[in-house]
Amino acid sequence: MGKTPLLEISRIEKSFGSQKILKGISLQVFAGEFLTFLGPSGCGKTTTLRIVAGFEEPDKGTVRLNGEDVTRLPPYKRDVHTVFQHYALFPHFDVFENVAFSLRLEKTPEPEVASRVRGALDLVKLGGFEKRRIDQLSGGQQQRVAVARSLVGRPSLLLLDEPLGALDLKLRRQMQLELKAIQKKTGITFVYVTHDQEEALTLSDRIAVFNAGEIVQLGDPKSIYETPRSSFVADFIGSANILEAQVKLNDGEHVVLLVEDEVELRLPRPVGFNGAEGAKVPLAIRPERISVHFEEPASDAGRLTFPGALQDVVYLGSATQMIISPFPKSAKVLAATIMGKADVSIDGARRRVWCEVSPRDVLLWPS
Amino acid sequence: MTPGKAAPRSFGRIDAFLSSVVSGRLKGASHVLLAPSSLVLGLFLILPVVLILAISFTKRGPYGSLVWSFTTSNYLQALRPAYFPVLARSFLFAGVTTLLCLAIAYPLAYALSFFAGGFRGALILMLMVPFWNSCLVAIYSWMILLGREGLLNGLLLRLGLIQAPVQFLGTSFAVILGLVYFYLPFMVLPLYACLEKIPRSLIDASKDLGAGVATTFLKVTLPLSLPGVFAGCILTFVPCVGDFLTADFLGGTKTYLIGNLIANQFLAAQDWPFGGAMAAILIVILSTGIFAYLRLESGGPEADALKVR
């Protein structure tokens, strides 16, 4: 690319006590990007963020900002600001003084402080709240103050540690859009930590999926959703039916899989799939990629069909989920999501149905 | 009926009672719940103060008996200029003690809260153990340490810092040393509790926004610990003003404090009405001071910080 990354993390390792939290994290973040660390709790995403901010020192590896090694620099010497999970606003200052905190430290002249604080508060739509005490603000407003406080110093990199975690769903959705708009408007690079995959998909230019102290996949939301690199990623991003399959045949061109010991699927070999004959491999199908038919569909060479029993119908509002049991001998069921109003009621349960999947939507991984 | 069957029913009743108390449906129930603490406060705080006040308006009879007739002469006597230096000295000693305690306790509480890690419990215990000791034992220990033949003089002589034993006992130095020793936990504990309550994320946020260690302390930690500083100062200063044991044993005529004066009226001089009047004056001065402080405080930024948490 030739471009110097704004932030470059190389082979970061970190242990707390005997527990290895980070097992070699490497990552590049480019200017203007919105990058999200996504992963389950305890996967090391927050620790990585704290290492970038300077609150923790890695045992091994380096952190570079604009090409400069900052691994051992304290947080107050880094051009990086953080929005904390619980906002961490100063209760002994009002809104204005909270936002002005970093400007005052730089001995910014008073008129400039006033105009920049006003600008930052306008950006987060909190104009007129200057004199409010922190405990007079709602959670959403506190979150906005925290964002304004971190942005007012115009850092080159803004770190956000699950900033919306304490807000209710509706407010969270709204704040997601606002954060994205603020990022676009200011052009500041955002590194965002969340365990909410939907949030990650909504906001990010790129997502780094963390699991057990490693980045298991890094890419844009679409590629992560469409071509997850492991069953963990498939399961964590969006929802997926994770099944077990035995490879019956793999001749390089086609594979035949026996799914859950009961349903045989024959499909073109996915690129890179190297499961040997007889091996047991994980297989995933996203619920919304399964079409459900109430009559046996005309056989189409390009599609995979298999029968099942409709066990339950779950009404989700904008969609309907059908719980189907294609494997009579095992307890495993498939979830299939039908967008929009589905023409089936709960009375339709226990009916015989046919599932249809495109071979492209059967996810398999190289072992 | 088995007890096993009876239990849920009675629990159910208690639950119903408690929930009606909480929801305020059962009028007067909160009074019932407040009764035990009100009783203790009434018996051991209000009643003695009322008694002292009542006695302070009586006359001393021959041989120290009380003559129950109303007089204000005890107060007129207590307000004579002759006693002012004693009162002033008491406030001075208590003030110096409080400042010294603060100077020692703040770094101590800070270290306990921020750096002690797993040793925190053990260190607090070590701080508390001398406090549980009988104060007479502690005072006699100090007398041994500070005496002419005591450890301190021995050490100083051995080091050649002094040529002849120094008279420590009976000086203000000994009294203030004793007071600092006794009242230090009263300063450390509220300070520690307050520092402990400061969310660490605030300190992270301050550093994140560009403040160094010293600036973070001055702009964040110190202002947020002020409620603890004030609580510790009150808890140290108030009992210090009335202390008499320390001055009795470690001090001399030059360190005679208001506490000694009052104690002597009740013990040696057998003049309870005069002692009562002195005690009442002290109570009025101290409570006026505390109320004035609380009034001032309720408008200040520290009060806001207190309310937040």
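This is a predicted model: local features need pLDDT of at least 70, side-chain atom pairs count only at pLDDT 80 or more; totals for chains, interfaces and linings use all residues.
**Strands of chain A**

Strand β14 of chain A, spanning residues 280–285, pairs with strand β11, residues 241–250, in the antiparallel sense. β14(A) also pairs in the antiparallel sense with strand β20, residues 362–364. The two pairings are set out below.

| Strand pair | Sense | Bridges | Residues standing opposite |
|---|---|---|---|
| β11(A) and β14(A) | antiparallel | 6 bridges | Asn241(A) and Ile285(A) |
| β14(A) and β20(A) | antiparallel | 3 bridges | Ala284(A) and Leu363(A) |

**Ala245 in strand β11**

One residue of strand β11 of chain A is Ala245(A).

**A helix pair in chain B**

Two packed helices are described by the angle between their axes and by the distance between the axes. In chain B, helix α8 covers residues 172–197 and helix α10 covers residues 213–242; their axes come within 8 Å and cross at roughly 155°. An angle over 145 degrees counts as roughly antiparallel, and therefore α8(B) is roughly antiparallel to α10(B). The crossing of α8(B) and α10(B) is right-handed.

On the side of α8(B), the contact is made by Leu179(B), Tyr183(B), Phe186(B), Met187(B), Pro190(B), Leu191(B), Ala193(B), Cys194(B) and Leu195(B). Among the residues that α10(B) brings to this contact are Pro227(B), Gly228(B), Val229(B), Leu235(B) and Pro239(B). The residues of the contact of α8(B) with α10(B) comprise 15 nonpolar and 4 polar ones, with no charged residue.

**Where chain B touches chain A**

Between the chains, 20 residues of chain B are in contact with 21 residues of chain A. On the side of chain B that touches chain A, at least two residues each come from α9 (200–208), α10 and α14 (301–308) of chain B. The most is given by α9(B), with 6 residues. By type, the residues on this side of chain B divide into 11 nonpolar, 4 polar and 5 charged.

Notes: Residues are numbered from 1 along each chain as its sequence is written. Chains are lettered from A and ligands numbered from 1 in the order in which they are written. Axes are lines fitted to C-alpha atoms, for helices over the stretch in contact, and angles run from 0 to 180 degrees between N-to-C directions. Helices (H or I, at least four residues) and strands (E, at least two) are DSSP runs, numbered from the N terminus. Angles under 35 degrees count as roughly parallel, over 145 as roughly antiparallel, 65 to 115 as roughly perpendicular and the rest as oblique. A crossing is left-handed if the near helix is turned anticlockwise from the far one by less than a right angle, and right-handed if clockwise. Two residues are in contact if their C-beta atoms, placed from the backbone, lie within 7 Å. Ala, Val, Leu, Ile, Met, Phe, Trp, Tyr, Cys and Pro count as nonpolar, Asp, Glu, Lys and Arg as charged, and the others, Gly among them, as polar. Two strands pair if DSSP finds at least two bridges between them.
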